[in-house]
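Please read the following points with the sequence and the model open beside them.

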Amino acid sequence: MTTIISSYDREAVQKSLREKIRRAAATAIHQEDVWAKHNIQLIPAERVVRHIYNPETRQFQKNETIVKIEKEPFTHGAMRHCFRLKKMATPPQSASNHRFHSYGWSRALNYVAKCYLNEEGEPDPNGRDSVLTDIILQYEAAHWAEKFNVNAPKKIDFIRAYALEFVDRPGSPMFAVERFIAGRDTYGCGFLKHNTNSGFVDQEIRRKTPQVFSAHSFYASQGKRLVADIQGVGDLFTDPQVLSIDYRFGDGDLGPRGMALFFKNFRHCDLSDKMGVPIFPLSRNERKHQAKYDDDESTLSEGSPLLEALMCRFKLLDDNRQHRKSIFARPTDLNCADSTDTEKRSNFSDVSKTIRKSFAASTKTMILKRTKSDVDEVATCLERALTDAVFDHTSFHRYESGDLKPRRFRESEDDASDLREKFRKHKSAALMKVVSDPMEITDQTKANLGKVHYHLACLHGMDRFPEIVPHETDDIDTPSHDIFSVIFHLSHAASLGNAQACLALARSRVGLHSSASPLLHTNVPIDFDSAKDLCRRAMSSERSPASPKAAAGCLLYQILEDEETAGCVEKLNVLEETLNFLNLAEREQAAVKEHAKNMQSRGKDDGFHIGDIVEGNYFMEGTYYPGKVIDVLDGGNSVVVQYDDDGSSETLTADNIRSVEVPAEIISYETSRLSDEEAFGVANTDEIVLLDYELLSKMGELKEKTGDRSAASELFQQAAELALNSGKMQTANKWSMRAAELES
């Protein structure tokens, strides 16, 4: 049925809208300026270059403007000085009424400008990259907020920020600038911190939205991002930290470890169910510990008067940034006594002896008392590790029909008597009338989710969560960490195709130590068949780096050698595949080094360079295809892109090019601010492998057994050349003579 609006009704509606706009403008004009007493309008204006980030092209655009900024900071934290700044808002070209702007600088918008400090506490002239990283984080967070807002009952946003370069000052210092926010939310609260990049999650249940947004950002980005450090006034947030799967967002980006810490503390609720966020599985002991939380656990908030709270706010922000760097400091007694021996142990020549000795219990490692339920839990986990993860209706807390399962929350008598709390819960339920479809879980999401589970297992193994360990009054020797949580998360990671987790479990199944936990190999039953299946599972992982795959191949070969039941052809196939993984690992490392070389001495706003990996808007049709920059024209305004699929090239303007980071699965410490090894404090000794010349010599031996002397001779000669290049003269001479004997 179509409703016809009369001319009179239309005029009445337009008159009403005009009146609302007039009242809103009058309110804005007469609203008290909290910075009026500082007389910023009397300060001389300065010319600046504004750097605005474009999240679509992942590049910065520049333009000139003028601002007025105080000479002295009004507050500072451990890392930054903060200045009051005013900037005139630019009216749209179509605007005809500039009454607001006629008030001049006294009615200009209030901004906060932040500059980084050096070690002496002075403005850091080299803080340019840090400022630009802050800007990128704001826009990155805003991008995922837009995705969240599509179906969210309460919309959220992040303050748009940009960089100002004071070009007329010595050294052209750069400041991060964002709108000043003040006031209180609908609950009467001022500036609040809802979660951090290091695992703190505000458990005050009335603020579900920030927590669910963080979890939603992970799945919406296919596990590549998680927006943390959610803080601000109401649902307007600022100064976030984006966690990435490859540590690309500065010192505060704790990568999959930060994601693991968040999900360990994240509480699923009715909002996350309705938004289609899947459940992140937690172990039995993790769930028990989470159930002990008080629902009214305190939130980091500022309850002081407005201006005093403003002063404290930036100190809190910088204190939090400083805290990011020390989140993963481990206890001084973390390293076990046999760590040196563990580092020397590898997946090769001595493994057969190690396997034979593994049936005897190690005197250096604790074997825990286990109940029947513990044994059953471990068995379930080990079975799960060999099956592919399935995300069905139970993963989203729904019935098979797709309808939501109700969640029941325990309330105290005080809560039940709190009418305001009852009204809030009723209002929250009423707001979320539309139930979203379950979020899509792609293969990329599964791979990154597996990495998060693997890191959470390793965090347990590093004694990061002593509070999770069950304490029995009659136990004299209490373990330093919960081994059952380690096994639980390793099994989930393995089911999601994580090669590192498969390798760790495979080693434990043959009695070898693992970097994941010093308790793992003595609390998992020996099973060679399961170990072989886990090795094959690691080698077939499509989205894992080549290094753990090569290590799994070496371990599988040694198990086959020790069993003496596999034929030469089977073992030869394993060695050939392992050698391919070693070569692939070298190429991955070369790609990382090449990327690092290209990024040296380049700022984040330097535009495109020849050799950059990009995506181009093919023939301006709106579809982006991968390629490489082969030429830069017109001072960087135009770029020639050569496409990967057919080798064709095209000249495009810079705004039709998107930069592409090096693939996450091959990022290492050379391009990351924080690598896995730096984060964990020790190298992953699970991934020590046979050298390529050793593999070739073993392949030569197998070829000789099959009667193919010519192929065996060639393999021994290749092994000799590689050994010679590695400085192994005696080994090279031995294999060279072996090759000559086979040729004769």
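**Notes on the predicted model**

1. The protein chain contains 22 helices and 19 strands. Helices here are DSSP runs of H or I with at least four residues, strands are runs of E with at least two, and both are numbered from the N terminus. The model is a predicted one, in which local features need pLDDT of at least 70 and side-chain atom pairs count only at pLDDT 80 or more, while totals for chains, interfaces and linings use all residues. Residues are numbered from 1 along each chain as its sequence is written, and side-chain values use heavy atoms, with hydrogens and water left out.

2. Of the 744 residues in the protein chain, 49% are buried. Buried means under 20% relative accessible area, exposed means over 50%, and partly exposed lies in between, with a 1.4 Å probe and protein chains only. Among contacts in the protein chain with a separation of 6 or more, 68% are between residues 24 or more positions apart. A contact means heavy atoms within 4.5 Å.

3. The next points concern helix pairs. Two packed helices are described by the angle between their axes and by the distance between those axes. The axes are lines fitted to C-alpha atoms, for helices over the stretch in contact, and the angles run from 0 to 180 degrees between N-to-C directions. Angles under 35 degrees count as roughly parallel, over 145 as roughly antiparallel, 65 to 115 as roughly perpendicular, and the rest as oblique.

4. Helix H2 (residues 128-149) crosses helix H3 (residues 208-220) at roughly 100 degrees, and their axes come within 9 Å. H2 and H3 are therefore roughly perpendicular to each other. On the H2 side the meeting residues are Ala141, Trp144, Ala145, Lys147 and Phe148, and on the H3 side they are Thr209, Val212, Phe213, His216, Ser217 and Ala220. The contact of H2 with H3 divides into 7 nonpolar, 3 polar and 1 charged residues. In this sorting Ala, Val, Leu, Ile, Met, Phe, Trp, Tyr, Cys and Pro are nonpolar, Asp, Glu, Lys and Arg are charged, and the others, Gly among them, are polar.

5. Helix H14 (residues 483-495) and helix H15 (residues 499-509) have axes that come within 7 Å and cross at roughly 125 degrees. That angle makes H14 oblique to H15. The crossing is left-handed, a term used if the near helix is turned anticlockwise from the far one by less than a right angle, with right-handed used if clockwise. Leu490, Ser491, Ala493 and Ala494 of H14 make the contact with Ala501, Cys502, Ala504 and Leu505 of H15. These residues of the contact of H14 with H15 comprise 7 nonpolar, 1 polar and no charged.

6. How many of the residues of H15 are buried? The count is 11 of its 11 residues, and H15 is mostly covered. The buried residues of H15 include Arg507 and Arg509. Their cover includes H10, helix H13 (443-461), H14, helix H16 (528-539) and helix H17 (546-563).

7. Helix H20 (residues 692-705) packs with helix H22 (residues 729-743) at an angle of about 25 degrees, and the axes are 12 Å apart. H20 is thus roughly parallel to H22. The crossing of H20 and H22 is left-handed. Tyr693, Glu694, Ser697, Glu701 and Glu704 of H20 make the contact with Trp735, Arg738 and Leu742 of H22. The residues of the contact of H20 with H22 are 3 nonpolar, 1 polar and 4 charged.

8. Glu377 lies in helix H10 (residues 372-384). Glu377 is buried, at a relative accessible area of 15%. Leaving out residues up to four places away in sequence, Glu377 touches Arg284 and Phe484.

9. A disulfide is taken as a pair of cysteine sulfur atoms within 2.5 Å, and by this rule there are 0 disulfides. For Cys535 the closest cysteine sulfur is in Cys502, 8.9 Å away and too far for a bond. Cys535 is buried at 1% relative accessibility, and Cys568 is partly exposed at 23%.

10. Most residues other than glycine have a negative phi. Gln222, however, has a positive phi near 60 degrees. Gln222 sits in the loop between H3 and strand S10 (225-228), and is partly exposed with a relative accessible area of 29%. Phe619 also has a positive phi, of about 50 degrees, although it is not a glycine. Phe619 is in the loop between strand S15 (613-617) and strand S16 (624-633), and is exposed at a relative accessible area of 53%.
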